[in-house]
Amino acid sequence: MVAKLNQFDRRTRRVRKHLTQTNKGRPRLSVYRSSKNIYAQLIDDRAGATLAAASSLDKELKGKLKTGADKAAAVEVGKLIAARAKAKGVVAVVFDRGGYIYH
């Protein structure tokens, strides 16, 4: 028997469906925030591959950050994912908010 999707999973699928229809070839920026760390990925949905990834656990950031889940960590992870994206030739992305609200 197939279990029903919960509301969060339904929102996530709905948002991703909308993004794939309107992204115009841009990769998707997916951000995940746990209670201890922040992770970011650039995903090419056409190829089904991750173009670049960064997190507060990376060696470049591990020594700089007091904790991996505060605003300063988010800024540093954002700078790192932007640098890695530019190195791959990515200039524009679509933000994937997942099932969370954007505020």
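This is a predicted model: local features need pLDDT of at least 70, side-chain atom pairs count only at pLDDT 80 or more; totals for chains, interfaces and linings use all residues.
A residue counts as buried under 20% relative accessible area, as exposed over 50%, and as partly exposed in between.

**Aromatic pairs**

The structure contains 2 aromatic pairs. In one of them, phenylalanine 8 and tyrosine 100 have ring centres 5.0 Å apart and planes at 65°, so this pair is edge-to-face. The pair connects distant parts of the chain: phenylalanine 8 belongs to helix H1 (residues 7-22), tyrosine 100 to the segment after E4, and 92 residues separate them. Phenylalanine 8 has a relative accessibility of 30% and is therefore partly exposed. Tyrosine 100, at 47%, is likewise partly exposed.

The rings of tyrosine 32 and tyrosine 39 are stacked, because their planes stand at 25° with the centres 6.0 Å apart; the cut-off for stacking is an angle under 30 degrees. Tyrosine 32 is partly exposed at 46% relative accessibility, and tyrosine 39 is partly exposed at 29%.

| Pair | Distance of centres | Angle of planes | Class |
|---|---|---|---|
| Phenylalanine 8 and tyrosine 100 | 5.0 Å | 65° | edge-to-face |
| Tyrosine 32 and tyrosine 39 | 6.0 Å | 25° | stacked |

**Aspartate 96**

Aspartate 96 lies in strand E4 (residues 94-96). With a relative accessible area of 2%, aspartate 96 falls under the 20% cut-off and is therefore buried. Its side chain takes part in a polar contact of 2.8 Å with the side chain of arginine 28. A polar atom of the aspartate 96 side chain also lies 3.0 Å from the backbone nitrogen of glycine 98. Beyond neighbours within four places in sequence, the residues in contact with aspartate 96 are Val15, Arg16, Leu19, Arg28, Leu29, Ser30 and Val31.

**Helix H3**

Helix H3 comprises 18 residues (residues 71-88). The buried residues of H3 are Ala73, Glu76, Val77, Leu80, Ile81 and Ala85. An α-helix has 3.6 residues a turn, so residues three or four places apart point the same way. The cover over the buried residues of H3 includes strand E1 (28-33), strand E2 (38-44), strand E3 (49-55) and helix H2 (59-62). Just after H3, glycine 89 adopts a positive phi of about 90°.

Notes. Residues are numbered from 1 along each chain as its sequence is written. Side-chain values use heavy atoms; hydrogens and water are left out. Helices (H or I, at least four residues) and strands (E, at least two) are DSSP runs, numbered from the N terminus. Buried means under 20% relative accessible area, exposed over 50%, partly exposed in between (1.4 Å probe, protein chains only). A polar contact is a pair of N or O atoms within 3.5 Å; within protein, one must be able to donate a hydrogen and the other to accept it, and residues adjacent in sequence count only if both atoms are side-chain atoms. Contact means heavy atoms within 4.5 Å. Rings of Phe, Tyr and Trp (its six-membered ring) pair if their centres lie within 6.5 Å; planes under 30 degrees apart count as stacked, over 60 as edge-to-face and the rest as tilted. The expected span of a helix is 1.5 Å times one less than its number of residues.
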